[in-house]
Amino acid sequence: MSFEPFQIGSVPVGGPVPFFILGPCALESESFAWEMARSINEIAKKTGIHYLFKASYDKANRTSVSSFRGPGVAEGCRILGEIGKELGVPVTTDVHSPQDAEIAAEHVDLLQIPAFLCRQTDLLEAAAKTGRAVNVKKGQFLAPWDTVNIADKLRAFGCRDFLLTERGTTFGYNNLVADMRSLYWMRKEGLPVIFDATHSVQRPGGLGGTTGGDGELAPVLARAAIATGVDGIFLETHSDPANAFSDGPNQIPLEFLEDLLVRLVAIHHAAHGA
């Protein structure tokens, strides 16, 4: 079984080359979002990749009650929508409730369902019924084959344009492991598969009040995923990860992004001949 290729704005899904979801973890400010979006857009033009710009308007599942969350759904989606229109690129963000999905769908091209919420039927239904494409992060607690049930829910609610994202599996306490076998198994079920290289190297709650991670491993896992065969790669990037408001230890320094994308495209060509 295989899925029918589709488009998210200008980005082809299921074509001969993978696409990318790129951006900072959080919408730290409007000026920061624009700075990152313009920088990533220039890198994308140089490397010739297809991509969506990503940033989160609300980090609703932070470790600590005092952690930064973001500008909220209305303001955050306004910013993302304006970035998408000016730069001519599709945009995506997380949604956390059915009400958020309705608001976000007016501004963004792809609705992302967080991993902890991947089985929330009401949220999946609301996202599906907006008519937007939907990207569901596989829960850290799910086996790869369990994503078939998520796909069945989305189809039942009328959504045909969706993605399933692998982002690591809980491995003991405060640790995740990325099982490359899951990419093969999910694609074997005919599902469009994204690999989230930066969240897969998280150490959830590993710094006590915040999440830690092994950011240096994100490019390594991205290279492995491209060789394994995926439809897209998710990479969070930041101009100054050490001072990021969220997930700094996992994000790719912006200065290294262009080189990494060039390497990933080269690996795809070598491994898959496209």
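Student: Which ring does the charged end of lysine 137 sit over?

Tutor: A charge counts as sitting over a ring if NZ of Lys or CZ of Arg is within 6 Å of the ring centre and within 35 degrees of the ring normal. Here the charged end of lysine 137 sits over the ring of phenylalanine 234, at 4.3 Å from the ring centre. This is a predicted model, in which local features need pLDDT of at least 70 and side-chain atom pairs count only at pLDDT 80 or more, while totals for chains, interfaces and linings use all residues. Residues are numbered from 1 along each chain as its sequence is written, and side-chain values use heavy atoms, with hydrogens and water left out.

Student: How many aromatic pairs are found in the whole structure?

Tutor: Rings of Phe, Tyr and Trp (its six-membered ring) pair if their centres lie within 6.5 Å, and planes under 30 degrees apart count as stacked, over 60 as edge-to-face and the rest as tilted. The search finds 3 such pairs. One of them joins phenylalanine 68 and phenylalanine 245 edge-to-face, with 4.9 Å centre to centre and 70° between the planes. This pair links distant parts of the chain, 177 residues apart. Phenylalanine 68 has a relative accessible area of 26% and is partly exposed, a class that lies between buried (under 20%) and exposed (over 50%), using a 1.4 Å probe and protein chains only; phenylalanine 245, at 40%, is also partly exposed. The ring centres of tryptophan 145 and tryptophan 185 are 5.4 Å apart with planes at 65°, so this pair is edge-to-face as well.

Student: Where do the buried residues of helix 5 fall when seen down its axis?

Tutor: Helices (H or I, at least four residues) and strands (E, at least two) are DSSP runs, numbered from the N terminus. In helix 5, Thr147, Ile150, Ala151 and Leu154 are buried. Their directions, taken from the helix axis to the C-beta atoms, fall within an arc of 100°, so these residues line one face of the helix. An α-helix has 3.6 residues a turn, so residues three or four places apart point the same way.
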